[in-house]
Amino acid sequence: MNKKLLAVALGATVAATALGSVAFAEEAITANGDYTFEIIVKSYQSSYWQAAVKGIDSEKEALGVTANSNGPNAESDIADQVQMLNDAINKKPDGIGLAACDQEAVLDALQAAKDAGIPVVLFDSGVPNAPEGSVYSTIATDNYGAGATAAENLYAALKDKIAAAEAPVRIGEVNQEATSESITSRGLGFIDKFTELATADGHTVAVTGNEYYVNNCKEAGDEAAANIIIEVAVPAQTTVELCATEASNILNKEDVIGIFGSNQVAAEGILTANGNLNVLGSDPETTVLAAGFDAGATIKAAIADGTMYGAVTQSPLAMGIKTVDVLTQIANGEEVTDLPTDGYWYNAENMDSEEIAPNLYD
Amino acid sequence: MANQKTVTAAKEKSLLEKLGGQRFIVLLVIIGLAIFFSIMSPNFRKYTTLVSILDYSYYIVLMSIGVTFPLITGGVDLSIGTGLICYSLVGGYLISFHNFPVWAGMLVTVLFGVLIGCINGTLVAVMDIPPFLVTLCTCMITRGLGSIIVGGFGITWPTAVQPGGWFRNIFKISVAPRKMLPIGIIWVLILVFIMSYVLNHTKVGRYTIGIGSNKEAARLSGVNVKFYHVIAYAISGLFAGLAAIAYSAVFSTVQPGTGAGFELEAIGGAIIGGVSASGGAGTVTGSLLGVFVICLLKTGLPFIGLQANWQQIITGLVLIGAVLIDVIKKRREAK
């Protein structure tokens, strides 16, 4: 945490003294050599990662560098990814871009990269315990903030219903796993923000379900005393089917009024479950409100027709582009810092707007 | 199932075997699990839960019907899981990006499955490569091929409300708002009936069992062993293709790179249902029942509030239990 504060402080100082230099640097990146980078994504499982690869490919051509993208078949193939990372280190590239599936499993490899003098840029997911000096820059959506964004919007829509409720109400959350930084941060960001907003309005909140989230949220509360229960579900494998089963379990409960799926797979799982249950909609009085994450044809269609209340999207394309940019800057010997990217809330009203539409990939 | 043995020991045929042997045990397990989960979770008793279980079972049941044939020959087909995704991606891609009518996309999906099945069969039967190795390779090939053909992106088959969405009604029709009729189970049962007939009353079936129990004897008695061996894998491919359609109809987005692991549920189901892990014995109805054990566990365990890791442990224990029954049964028969 202190390191993060320091980074923020440093960033602020740099910004204050050299206003505009970041923007300038972004526009004027050129590769001062024939660089080769190895970039490892989390999986080729979702169109999300394909959009990132698209960004990587377009930027490597623009800069005239070589960037080889690779990734395991599924985000749960942690060992495969570590193997790929070790292989990448052995190739001695000018830099490695990594979206880590697991924050702990990559630590040894990051140390090896540091020992071999290969700079690593993390994107999408950070690794909080990375060996000092191994990671040069982290380019990631502020996942905790993005989860909080979903909570803010869902709470605003459900506020009146919660206030009027005579019995405790339930909010569901489906996370496809409890190991990666991005998913866990989103899940915890949602829980903490929802709890904060509800507590400020005089409600009491309890968090139940998956141990990781219950143990790591700010305030787990007491289920017996709470009038809002946040139930967190994590499936045994990261498939849409098992996410759907977990979502069915929550959506079947009489007291559920809202549900959040923290990535494309989880959000589609919620929609699949709803295919049989038919309880979702955009009217808090008569239906359960669902908030999703990321895009894809299915989620976009569900938001457009009101089945899903809204979702948070990131910009994978921009993340891919920035990763190649930063790797090139490091190879050039330039100073780089962390680059947080934003998560945006979208719903049926604003999904076609200029700010949102380019981020919504199929 | 144990026909060869019971010829000599017909009089000693136990009550259990009269009732259908392992299938009867599995049926009891299914009833037991259903009662247990229903008592533990009121939501499990709901009609919509039953529809969900059926929805998520079709593709595994179909794979399981098909893979029963290679398993009975003493082989295995590991390519059906990633194959399913590959066939579905290709069919969906042709529909979404090349304006194929849905029926044509479905046909391509199934034929692609048959093609891969024939390739598996030829490599196993004619080239004499171990089935484990052959199908592990085609498993990898189909996983990569699907991604390459569609360009790495997830594919969405037409949704129920889009033109061409009719194919989703093959498995589930809406009879009233919030009331779905899971008619897919009818087609699945018809296919189980047909393939049971094929296995027990046709040359294809008898020779499949013959190859599994004693390949050399089958060859010496004049059976074209290679041909029927290929057919067993072609059947597996055909049903992987049908499973691809079931998967596309039930789930929204088909993602490249997924599917690995599906085959284990189908093969696990077949083994639970009494298909011998060493070949030569098994039934299609047994495989159907075995898959339902897995599907009940997959839905029931989360419903009673069990967390992810425990779900996997319990599913693993049930599989070991099923294999143990097979082993104990064999030992008793050998005595």
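In chain B, helix α6(B) crosses helix α7(B) in a right-handed way. Keep in mind that this is a predicted model. The two helices pack at an angle of about 150 degrees, with their axes 9 Å apart. Angles over 145 degrees count as roughly antiparallel, so that is how α6(B) runs relative to α7(B). On the α6(B) side, the contact is made by B:Ile116, B:Ile119, B:Asn120, B:Leu123 and B:Val124, and these meet B:Pro131, B:Val134, B:Thr135, B:Thr138 and B:Thr142 of α7(B). Sorted by class, that contact has six nonpolar and four polar residues, and no charged ones.

Chain A has a helix pair to look at as well. The axes of α6(A) and α7(A) come within 7 Å and cross at roughly 35 degrees, and this crossing is right-handed. Residues of α6(A) in the contact include A:Tyr144, A:Gly147, A:Tyr155 and A:Ile162, while α7(A) brings, among them, A:Arg186, A:Phe190, A:Lys193 and A:Leu197.

Here are the two pairs by residue span:

By class, the α6(A) and α7(A) contact has 12 nonpolar, seven polar and four charged residues.

Now for the interface between chains. There, 33 residues of chain A are in contact with 34 residues of chain B. On the chain A side, α3, α9, α10 and α11 each supply at least two residues, and α9(A) gives the most, with seven. That side divides into 11 nonpolar, 17 polar and five charged residues.

Technical notes: Residues numbered from 1 in each chain as written. Chains lettered and ligands numbered in written order. Predicted model: local features only at pLDDT ≥ 70, side-chain atom pairs only at ≥ 80, totals over all residues. Contact = placed C-beta atoms within 7 Å. Helix = DSSP H or I, 4+ residues; strand = E, 2+ residues; numbered from the N terminus. Nonpolar A, V, L, I, M, F, W, Y, C, P; charged D, E, K, R; others polar. Axes fitted to C-alpha atoms, helices over the stretch in contact; angles between N-to-C directions. Left-handed = near helix turned anticlockwise from the far one by under 90°. Parallel < 35°, antiparallel > 145°, perpendicular 65-115°, else oblique.
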